[in-house]
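Take a walk through this structure.

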Amino acid sequence: MSTAHVDLTDEMGHEDHGHHEQGFVSKYIFSTDHKIIAKQFLISGIVWALIGGLLSVIFRLQLGFPDMDMSWLSPLLGKWINIDPGTGVGKLDTGFYLALVTMHGTIMVFFVLTAGLSGTFSNFLIPLQIGARDMASGFMNMLSYWFFFLSSVIMFISFFISTGPASGSWVIYPPLSALPQAMEGSGLGMTLWLVAMALFIVSTLLGGINYIATVINMRTEGMSFTKLPLTIWAFFLTAIIGLLSFPVLLSAALLLILDRSFGTSFYLSEIYIGGEALPNMGGSPILFQHLFWFLGHPEVYIVLLPSLGITSEIISTNSRKPIFGYKAMIGSMMGIAILSFVVWAHHMFVTGMNPFAGSIFMILTLIIAVPSAIKSFNYLTTLWKGNIIFTPAMLFSIGLVSFFISGGITGIFLGNAALDIQLHDTYFVVAHFHLVMGSAAFFGMLAGVYHWFPKMFGRMMDRKLGYVHFWLSFIGIYLIFFPMHYIGIAGYPRRYYSFTNFDTFSTFADLNSFISLAAIATFIAQLIFVFNFFYSIFRGKKATQNPWKSNTLEWTTPINPGHGNWPGAIPKVYRWPYDYSKPGAKDDFIPQTVPYAETPESNLPHEQELAGLESNNDNAIKVD
Amino acid sequence: MQNLLIGASVVVALLVLFMVYKLATLIHVAKGSKTDEDAGSNTVNGYLMLAFLIIGGIAATWSAMSYFDLYNIPVASEHGVKTDKMFWVTMLITGLAFVITNVLLFYFAFRYRYNKNNTATYYPDNSKLEMAWTVIPAVVLTILIGYGLKLWNNITDVAPKEAEVIEIMGAQFAWRVRYPGADNKLGKYDYRKIDDSNAFGMDLSDKNSHDDFVPREIHFPVNKPVLLKIRARDVLHSVYMPHFRVKMDAVPGMPTQFWFVPKKTTEDMRKETGNPDFNYELACAEICGKGHFSMRMLIVVDTPEEYEAWKKKQKTWLAQNPEYLAQVPEELKEVAMLSAGIENNESNDSSL
């Protein structure tokens, strides 16, 4: 059955490849080729990451240097810099500060680390690593990107409207986000945010359905689930999580739209604002929080799991060792995927939710630390007694493991309801999630770009610049977020424009300046990457077919794979992807396409038996 | 400023590190072939891993110690002492895990850096080892959960009957508090009755509201349980009293509460911190709009005597806004004037 299917796509692939020249538009813009779509997602993601990073630099200036004259920013920000007519000193608008925070969060979480990460690597690697010509539906895949693009355009436009973009923070809790009279950003900016996010969800679902269908149906012969690279396992589970949780965000957003524009009271009750009592009664803001975090928490893993998959692959390849505990890695990812759906209310311990519910969610939350711990230990053991080659991708992967551990550990504090009373909504939380989810996922994404760049563009990125980029980013990120824990333990609340109003929060002005300087330096360091990336696309050193001596299938394609990926038949898979440094083997890697029959010198006893079966199978097919 | 200098010197150190690295690679380039160059970079990166571990470790320890007094803010509530203890116990356990795992990570990276004479060890799994690091974190976490749950259940348990009940209401962008007055009962409210003066929407047909008072700052008695009745008027807010380790959202349409026992008076804290200007503060911890960062209210913790005296001194809200007597039903008016302390001061005193 599956052989027949493969043959069919085989034929089609050939035809596509050989018989007609594609125009520029259908090749690079409205392309249905998963590799082009992946690059579209990647470049959009990079653009968004720069915008998101720039926003954080602006609000870090405000936080680090509250007395600074910001009038020099008014050419960029216009009326959002309030210039004192007497002194000429410019101050960032307090409402716009919140808009910056909101858009930074939205952009980074959704546009960079969801679309930019899954969109790039699920698209690029799933067909290449499972041995498929393309995605299950190339058309849906194309739609997925263009819905994302439309969503991006709308979100971007919201920066330029007179009331400014959404500013109720990325969690858009009503009533603040529901009432235009509560803040400027809750007017048209919020409407655009909701429309953009609705389109974004459509994009994510189109992509996710495709990833799942492709992984289930289109694996090449021999590529059983137990031979899948961990990257694919991670993308597969991520897509499932997304498919189950994003629709909940859509319904939450829909009810919010109804409350905003159609007079319903899903989230609104007993509100007196702007000098009048609103008629809404009986709604619950807590309902929104439940719905939001039902997506919001799995979203953390949607962001993180692809990165963990990518680094599993990279760490194994560059340690020249099999990933330690392949099955445990899959098991813990499954555990994380399931548990991620039952921990959402740990974001809500002090929202007035019933404390008993808090107890249950506290237990479930701390359980999720176990699979995460297993993953960390497995990474460490993979490095142990390896022969580690520090490619830039490898460095970023090691960086990810460090962030994952450092940021994960503070999760044990925050998952504890009793401790969360004090720590909730302080900088401790900011430091926690920026390390464990933000920086870790971001490093996974960068690692992936460095590692698969040769496959994407047929050229290598510059190694040295990669090293400099890594060390500046790695040190920079720790300089930003490590000291931030102190500010958090001291109780500084999030989303504060300045701390000068409170005696309690006036002790860390110097450290805040330091963090801001580190943030600016780290942002500038990313420009090294941007240069390296775009320069190498055109001028990079030509890549070889398998530059990292890796086992997975994508490296068996031509250096510049065309439409359909493999010019001939799709290769068959015989073994798992992690046969590195196998005792007795000629090389320190054995690609998945090498049958056990060809490697009698390195086969383990049970593999030797498989080698016998292989040749039988091959004969059977030949007879057929 | 001193810290800024330290920060600047760290940046300089980074630059130096970068220069050294650049120099090292240049030397390797000068020395010979391309493969050597790669091997050279690999060694440099291996040593940088080690250097990061050592320098990072020192910097983390040093900063954690030198900032300790700044981030370990004094605690002034009964449950806060316990949660602080739990915080540091958790810090000890997780800190240990943090140090061990990070040391292993960077040490392994350094120790097992590429060497062309070495081969990596084929070591795909070990079920005993994996079982061990599944069970150990599970056991440790179970202990932490048990400890945490006990604490959480105590903190969120029903408030003692003798607790002082105080209402806190968040509104853009100020807090307001209401005390129940002499009868120790807060009057009913209805958000539709809110107007410029009646910020709480007090329902004056309820006689319990007549003696309620609305002061400009919060007072708590020391060593007595305080039950905060929390609500919000417009959007979400969050009652946050850092020194008491208290945080609870204020939700429009859904009253919430939090009870705790203040253990130190403002005077005690002034002595303890050596800061004669020390004040307890109430802040907002849930984004509520452009003035979110400015929702400050002063808290004073009094001795029981001072507290009672302060309460006696407060004028009832109705007495401050006598025009609202019109909203009081006819049959309650006389009692209302009595309990609100309007016109006849002697009778008011006797009612206390």
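**A tour from the inside out**

B:His210 is buried, as its relative accessible area is 1%. This is a predicted model. B:His210 sits in a loop of chain B, between strand S2 (174-178) and strand S3 (218-221). Leaving aside residues up to four places away in sequence, B:His210 touches B:Leu204, B:Thr316, B:Leu318, B:Val328, B:Leu332, B:Ala336, B:Ser339 and B:Ala340.

Follow one of those contacts. B:Ala340 belongs to helix H9 (residues 333-340) of chain B. B:Ala340 is buried too, because its relative accessibility is 3%. Its contacts, again without residues up to four places away in sequence, are B:His210, B:Thr316, B:Leu318 and B:Ala319. For a sense of scale, take B:Asn275. In sequence, B:Ala340 and B:Asn275 are 65 residues apart; in space, their C-alpha atoms are 39 Å apart.

Now turn to the contact between the chains. How many residues does each chain bring to it? Chain A gives 123 residues and chain B gives 112 residues. The size of an interface is often given as the accessible area lost when the parts come together. Here chain A and chain B bury about 10,400 Å² between them, with 70% of it on carbon and sulfur atoms. The rule finds 2 salt bridges across this interface. A salt bridge also joins the side chains of B:Lys290 and A:Asp93, at 3.8 Å from N to O.

B:Asn45 lies in helix H2 (residues 34-66) of that chain. Is B:Asn45 buried or exposed? It counts as buried, because its relative accessibility is 0%. B:Asn45 touches A:Phe390, A:Leu395, A:Tyr467 and A:Trp471, not counting residues up to four places away in sequence.

In chain A, look at helix H12 (residues 369-383). Its 15 residues should span 21 Å at 1.5 Å a residue, and its end C-alpha atoms are 22 Å apart, so the two values agree. Of these 15 residues, 14 are buried, so H12(A) is largely enclosed by the rest of the structure. Just after H12(A), A:Lys385 takes a positive phi of about 55°.

Charged pairs come next. Over all chains, the count is 23 salt bridges. In chain A, A:Asp579 pairs with A:Arg575, with the closest N and O atoms 2.7 Å apart. A:Asp579 is buried, because its relative accessibility is 0%. A:Arg575 is buried as well, because its relative accessibility is 0%. A network of salt bridges links A:Arg575, A:Asp579, A:Lys582 and A:Glu607.

B:Arg192 and B:Asp190 meet in a salt bridge of 3.3 Å, N to O. B:Arg192 is exposed, with 53% relative accessible area, while B:Asp190 is partly exposed at 22%. B:Glu330 forms a salt bridge with B:Lys333, their closest N and O atoms being 3.4 Å apart. B:Glu330 is exposed at 60%, and B:Lys333 is partly exposed at 22%.

End on the surface of chain A. A:Phe24, A:Val25, A:Tyr28 and A:Phe30 form a nonpolar patch there, with about 430 Å² of accessible area together. A:Val25 lies in helix H2 (residues 24-29) of chain A. A:Val25 counts as partly exposed, because its relative accessible area is 46%.

Technical notes
Residues are numbered from 1 along each chain as its sequence is written. Chains are lettered from A and ligands numbered from 1 in the order in which they are written. This is a predicted model: local features need pLDDT of at least 70, side-chain atom pairs count only at pLDDT 80 or more; totals for chains, interfaces and linings use all residues. Side-chain values use heavy atoms; hydrogens and water are left out. Patches are made of residues with over 30% relative accessible area and no salt bridge: like charges are joined within 9 Å, nonpolar side chains (Val, Leu, Ile, Met, Phe, Trp, Tyr) within 5 Å. Accessible areas come from the Shrake-Rupley method with a 1.4 Å probe; for residues, only the protein chains shown count as cover. A salt bridge is a side-chain nitrogen of Lys or Arg within 4 Å of a carboxyl oxygen of Asp or Glu. Helices (H or I, at least four residues) and strands (E, at least two) are DSSP runs, numbered from the N terminus. Buried means under 20% relative accessible area, exposed over 50%, partly exposed in between (1.4 Å probe, protein chains only). Contact means heavy atoms within 4.5 Å. The expected span of a helix is 1.5 Å times one less than its number of residues. Buried area is the accessible area (1.4 Å probe) that two parts lose on being put together, summed over both.
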